[in-house]
Amino acid sequence: MYELEKENLRRFSGYIVQVLRPSYIRVFLTAYLDEESIERILSEEKSSVSSAAQMLLERMWQLEEAGWFQAFLDTLHHSEYTGLYAAVSKWDFKELDDLQPFRRLLDRIEPSITKNMKPRELLAHMSDCITQRECEEIRAVEDQSGCVAASERLVASLRRSDKPWFKVLKMALDTCSQKLALQLLEPNTDESEKCVSDDEENMGTMATVRFEYREEGESDEGLLKSINEISLTDRLSEGAGVVAGVSERAEERKLREYQKELATAAFSGQNTIICAPTGCGKTIVALAICEHHLKKFPGKAKVVFMATKVEVYEQQYKLFIEHFSKDPDVRVTGVCGEMEVCLRTVVESNDVVVLTPQCLVNALQDGQLESLQVFTLLLLDECHNTTGKHPYNNIMNRYLDIKLAGTAHTLPQVVGLTASVGIGSFKNQQEAEINICQLCANLDTRVIATVTTHIDELRSYVHIPEKDFFEVAPRTSDPFIRIMSNIMSNIEELAKKVYNIETLSPIVNRDYGSQKYEQWIVAVQKGCKLLQLDDPEQERRVCRALFNYTEHLRKYNDALIINEDARTKDALDYLQAFIEQVRKAGYDDTERKLTAFFDAQRDQLQHLATEGQENPKLQELRFILEEEYRNNDQTRTVLFVRTRALADALKKWIDETDSLRFLKPGVLIGRGRKSSQLVGSGMTLTSQKGVLDSFKSSDQNKILIATSVADEGIDIPTCNLVLMYEYVGNVVKMVQVRGRGRAAGSRCFLISSRKERIEKERQNMQREKVVEKAIASLQSSPEKLQAKVDLFQKNDKIKRHYMSLSPEKPRVVGSYKLLCAKCEKFACFSHDLRVLKECHHIVLDRSVFQRCATEPHHNPKSFGGITKTQKMYCKECKHDWGIIASYLSIRDLPIVKIDSFVIQNVETLQKQWYRKWRDVTFAMQEFDLTEITPESWGERE
């Protein structure tokens, strides 16, 4: 029955799957398919509409119920699939086949045309090819995610349209005067355009398109626009979007009125702090200031733009390159910490340099740059960091020393950009004003530029999310906590039998599963390393035992912290990974006793991980996410968490939760090098970009789980829901995190089981208002601001002068032993150490290989001419000592890290432990290639 219809459906399935969206004919699905099949098809549609349509057809080929084919036709007609209805009714797909060339054209130009359309204007003229339902969905996307996202949704609808849409689209674009998009569809419209490349001559086309610099979620007007002539070939190459070209007819760039207000003081040459909300286009303002400065001082201007993080540097460098690519006379380059370049040469041969501030600090310290006077404009992104020992403050201290020296000087203009100047701690407006004045003094500015005149325009573009709080009660009872606490108590008792550990730290009243307990462990471990007993052998055994005890206590404490915020399963996975590591390393009697505690409780812990009470915070989080996506399936969420371990745990939880799996969470963490059993060693820039790009796609990640790497500087695509999961900081962090929600109607929720965190965030909201009043007060009294800035600068100058008079303690010449910090086995003498490039500490004594074990490095790579090849461990206890590397043609260089050792004076036997090499008190010689001879550096034993 229906064999002919089924055969024809198979025959023409290629056309059908290009058009049909199963969710639009749900009436038919409900009438003829079982619930499981419907669920699988609709679930597949979220990732691939065509695959879902193919699944539907395959299911229809199995139908035997009378009347199903006519019901399918009726549903197509009722659902406005008029073209598909006609094709299937007559089994004539010629009209659908005629749409194929237009679909291919749309595929090629999509990256460009979506940035040059205003879909809301077009929809009124496209009812002949876009259904009412699709129109409503496109409008909803524009409201939630902005013009470009809505354009992408419109293109997707056209691509799947079964109606002759091409002429309708052209007429709509022409009627709405959207000429740039129209020219992409009709590249021969302007016959006066001439092709300049071979490829363009072959194609016979030339298009004029709009080049926009924008942050996601902004209106269709863009943030900064110009008209550039570029070839269609160039625009379509490698799937690129809009590529900037060179045009002598480029229109004058146009800032919004509130952006002009922010830039006014800087345009006049004044040192300025620009303080405006996240998402308002501060980088665009910086680009305009930079361009204005270059025009004001042609041939003389030297501009440096600084970004605090490498991730942000990459993002901003790309913006500067794109912005100035139309002007061949402006030379732009970028430098970050991973590059080995001479900054003096870079500055001399470029007009604009984008860099991370430490690069500039290093160049000033080692004499590559004589002073900051080589620049004419300093732009400091996230300038609220200009405090304490931050590289920004180091740079500005040098600036102020020149300025206050009383000699003739020509210093660069300084412009800082930030979302908030609410730095430091303060209880009232007066204290907030003092902090702001200190920041102004550090940046040598007496102007704080905010939006006041054009505040209504700013509010129309920047949406401040509504804030709400979800206080969650902790678990009523948790056997996992009891088991962990019992094990930790037993370990402490074992440690006390070896040595009275209470004497090694002054910290008392420490609770298991707290930061205070972690601080106690750090203090005890430091005390262990410096312990001195009469019997050296006993001392070594005691130190190693105490190190093992405290390391296990640290991991159980970590597990309790994970259990508090995530699942018991995640905490148990963390512990099991650690226990397996212990078994593979120096597995001595002490460690056997310690792992026995865990093994004795393993079955019960496993039961709790699978059958125990669910974390109430996760229940609340699940409820929020289910409700938000039920009400709006186009919701985009950024979920902020405190640690990488928690980010990984919450990703696993979402992936393993049936009702949330469709969110396909992405994870965005920093690039730090510290490894973890849970999350590896951080993300590369490429990985971060991939996650952000995936988050932009409507068919990919609907939620982004992020650590603090995402709360400052990185341009996260527009989202309408920000969730702070036990994530609370200061006023600046609150403003930046909240600013991730840029779409109209965005909301920001704090989820916490701790009253003090919720109260702290409420206080931050009040402090933000205090900061706003403090800024207004200082702006209304420029004399007061000037006086305080001058006073702070003079006082700070006196402090720096006093510090410079304090002589550094010279490093002593003496003999010291480096002992393993875990087992106190001898490693080498201090006189065998050599310093390479001021940061790498090499052991020249080849006998060190008799006292260490090595294994291939899991991440071998080169940096500064040094190539990591192996990891280096204590042969006795497997404690990490450092790496084995090659340098130039020299192989097998042991490079040690100081915090892995205890330093013992050979004469006095006194011990010291250092966290950084810069803190050591003994002298070390520079690395000298002449010391490396075939006799002294043969093959290692």
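Me: What joins strand S16 to strand S25 here, and which way do they run?
Reply: In this predicted model, strand S16 (residues 816-820) and strand S25 (residues 901-905) run antiparallel and are joined by 5 bridges.

Me: Which residue in S25 stands opposite Tyr816?
Reply: Opposite Tyr816 stands Asn905 in S25.

Me: And how does S16 pair with S17?
Reply: The pairing of S16 and S17 is also in the antiparallel sense, over 3 bridges, and within it Lys817 has Phe829 in S17 as its bridge partner.

Me: What about the hairpin between those two, which residue takes a positive phi?
Reply: That is Glu824, with a positive phi near 65 degrees, in the hairpin of S16 and S17, where 5 residues lie between the strands.

Me: OK, so what order do the strands take in the whole sheet?
Reply: The sheet is open and antiparallel, with 4 strands in the order S17-S16-S25-S26; its edge strands are S17 (826-829) and S26 (911-912), each of which pairs on one side only.

Me: Switching to the largest nonpolar core, which residues touch the most other members?
Reply: This core has 86 residues, and those touching the most other members are Met484, Leu546, Leu639, Leu650 and Tyr725, while the helix that gives the most to the core is H27 (residues 536-565), with 10 residues.

Me: What does Met484 touch?
Reply: Leaving aside residues up to four places away in sequence, Met484 touches Tyr556, Leu560, Leu575 and Leu605.

Me: How many residues are in the second core?
Reply: The second core is separate and has 64 residues, including Phe28, Ala87, Phe93 and Cys135.

Notes:
Residues are numbered from 1 along each chain as its sequence is written. This is a predicted model: local features need pLDDT of at least 70, side-chain atom pairs count only at pLDDT 80 or more; totals for chains, interfaces and linings use all residues. Side-chain values use heavy atoms; hydrogens and water are left out. Two strands pair if DSSP finds at least two bridges between them. A nonpolar core is a set of buried Ala, Val, Leu, Ile, Met, Phe, Trp, Tyr and Cys residues joined through side-chain atoms within 4.5 Å. Buried means under 20% relative accessible area, exposed over 50%, partly exposed in between (1.4 Å probe, protein chains only). Contact means heavy atoms within 4.5 Å.
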